[in-house]
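Student: I would like to work through this model with you. Please show it first.

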Amino acid sequence: MLLQFSRKLWFRASFFVIAGVVSAVASLILAPHIPYDFPGKIGSDAVVDVLKIMASSMLAVTTFSLGVMVQAYSAATNNVTPRATKLIMEDHTSQNVLGTFIGSFLFSLVGIIALSTGYFDMQARLILFGVTILVVALIVITLLRWIEYLSRLGSVAETSQRVEEAALNAMSDRIAAPYLGGRPLRNPYSLPPEAYPMASSRTGYVQHLDIKALQVCADEHQAEIFVVALPGTFIHLGKLIAAVVPGADGQRVSSERIEEAYTVGNERSFDQDPRFGLSVLTEIGSRALSPALNDPGTAIEIIGRLTRVLMAWAGRDQGMAAEHILYERVYVPPLRDEDLLDDAFRPLIRDGVALLEIQLRLQKALAALASITNGELRAAAFRLAFTAHEAASGAMALPEDTERLRVEYRAAWQPAERIPNKSNIA
């Protein structure tokens with residue numbers, strides 16, 4: 001909740017208002033400690049003029065910047081995907097820039113109002129003048145950064161990079177805590193027979209799950225809680241979200257206590273949901289392959305980004321230490337490797353089924369993921385590569401493209417016994 005709160009634009013702007021009020025109060029308190037003739041030498045009377053210039057110019061700059069931001073949102077919605085717009089709106093650079101511009105405007109207003117009260121002598125004006133100079137320096141630095149940043153704001157490459165970073169951050173967090181700090185629940189479809197269900201009373205996407213709150217609830221009742229709905233799951237009225245094994249006293253946990261641990265919203269969130277980041281990246285690639293855009297190059301770039309994110313997940317066995325269990329009474333299911341690969345590549349297999357360049361890149365990406373891991377992820381990569389090859393072989397218009405894909409497919413999945421066939425795909 002604090003993280004979502006800090007991403008609001010007014011949150012940063014409010015610091016400048018606080019700075020203006022603190023500066024005004026500090027000027028009155030510290031004024032007696034400044035030599036009488038010192039303010040006149042520096043020219044502290046100019047503080048009023050500087051504040052007036054800052055107030056008028058920052059209002060114009062803020063209006064212009066907001067117009068640019070709206071255009072960037074529109075460009076991202078039309079050329080990338082509407083799901084990426086939230087990342088642009090919450091981008092730290094944009095938030096800091098707009099917060100600085102709006103905040104400096106408000107700082108100027110606070111300063112002008114404070115000076116108009118008549119309580120500020122020359123010494124007090126000098127302190128406020130010094131703070132104003134610091135604000136002006138911050139504005140200059142921010143303007144220089146903003147001019148450079150505007151050249152790429154809302155572009156496909158920049159927005160894709162933002163989505164990749166969000167997906168990789170969520171994936172890294174999940175690698176560090178595959179079960180969110182709880183105990184492993186290998187099969188969420190096979191729960192203890194004595195467990196009683198907890199159904200949802202809300203409809204929406206699970207955005208965040210507070211495992212610690214579930215642990216506190218379980219400790220109070222000496223119970224065990226089995227999580228069914230992970231972040232990213234769409235839940236509705238009556239859908240199973242958890243199951244509870246009662247303690248020795250047999251007392252049941254109220255459904256309200258369980259639901260308090262779930263944050264539910266109308267949209268999915270990137271923070272605890274690595275699959276959402278993969279899905280948004282894939283959506284960018286699918287849109288690039290649409291007849292309206294017809295941009296296979298962007299789709300190939302997206303496959304590379306997806307591969308980088310999934311490489312972190314595929315290499316987790318080599319570089320990840322065993323997770324420390326923080327919440328012993330809460331059982332959490334893992335992310336399934338097959339689901340991650342399906343989220344990432346199946347839409348691209350479908351939308352680029354007749355394009356040789358897309359299919360070749362997909363085969364190389366899946367082979368790269370399979371080369372650094374064992375177990376479920378490698379098997380899932382085998383199955384998906386076979387599916388892509390079979391679908392593309394029947395969809396390509398040129399026999400030369402079909403033969404080229406077949407050669408690449410066999411080369412990627414050598415030795416021959418590693419190549420999946422119809423008998424072992426089921």
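Student: What does the pLDDT of the protein average?
Tutor: This is a predicted model, so local features need pLDDT of at least 70, side-chain atom pairs count only at pLDDT 80 or more, and totals for chains, interfaces and linings use all residues. Residues are numbered from 1 along each chain as its sequence is written, and side-chain values use heavy atoms, with hydrogens and water left out. The pLDDT is the predictor's confidence in each residue, from 0 to 100. Of the residues, 89% score at least 70, and the protein averages 84.

Student: Which element has the lowest mean pLDDT?
Tutor: Elements are DSSP runs numbered from the N terminus: helices (H or I, at least four residues) and strands (E, at least two). Strand S5 (residues 234-235) has the highest mean, 96. Over residues 421-426 the pLDDT is below 50, and this stretch has six contacts (heavy atoms within 4.5 Å) beyond near neighbours in sequence. The lowest mean, 44, belongs to helix H18 (residues 422-425).

Student: Which residue in S7 stands opposite His208?
Tutor: S3 and S7 run antiparallel. Opposite His208 stands Thr263.

Student: Which residues form the covered face of strand S2?
Tutor: S2 (residues 196-199) pairs with strand S6 (residues 240-245) in the antiparallel sense over four bridges. In a regular strand the side chains alternate between the two faces of the sheet. In S2, Pro197 and Ala199 make up the uncovered face, and the covered one has Tyr196 and Met198.

Student: Which helix gives the most to the lining of the largest cavity?
Tutor: A cavity is a set of points on a 1 Å grid over the protein atoms alone where a 1.4 Å probe fits but cannot get out, and lining residues have an atom within 4 Å of a point. The lining includes Glu158, Thr159 and Arg162. With three residues, the helix that gives the most is H8 (residues 156-176).

Methods:
Pairing = 2+ DSSP bridges. 1 Å grid on protein atoms, 1.4 Å probe; cavity = no way out; pocket = protein on both sides within 12 Å on 5 of 7 lines; lining within 4 Å. Buried < 20%, exposed > 50% of the residue type's maximum accessible area, 1.4 Å probe, protein only.
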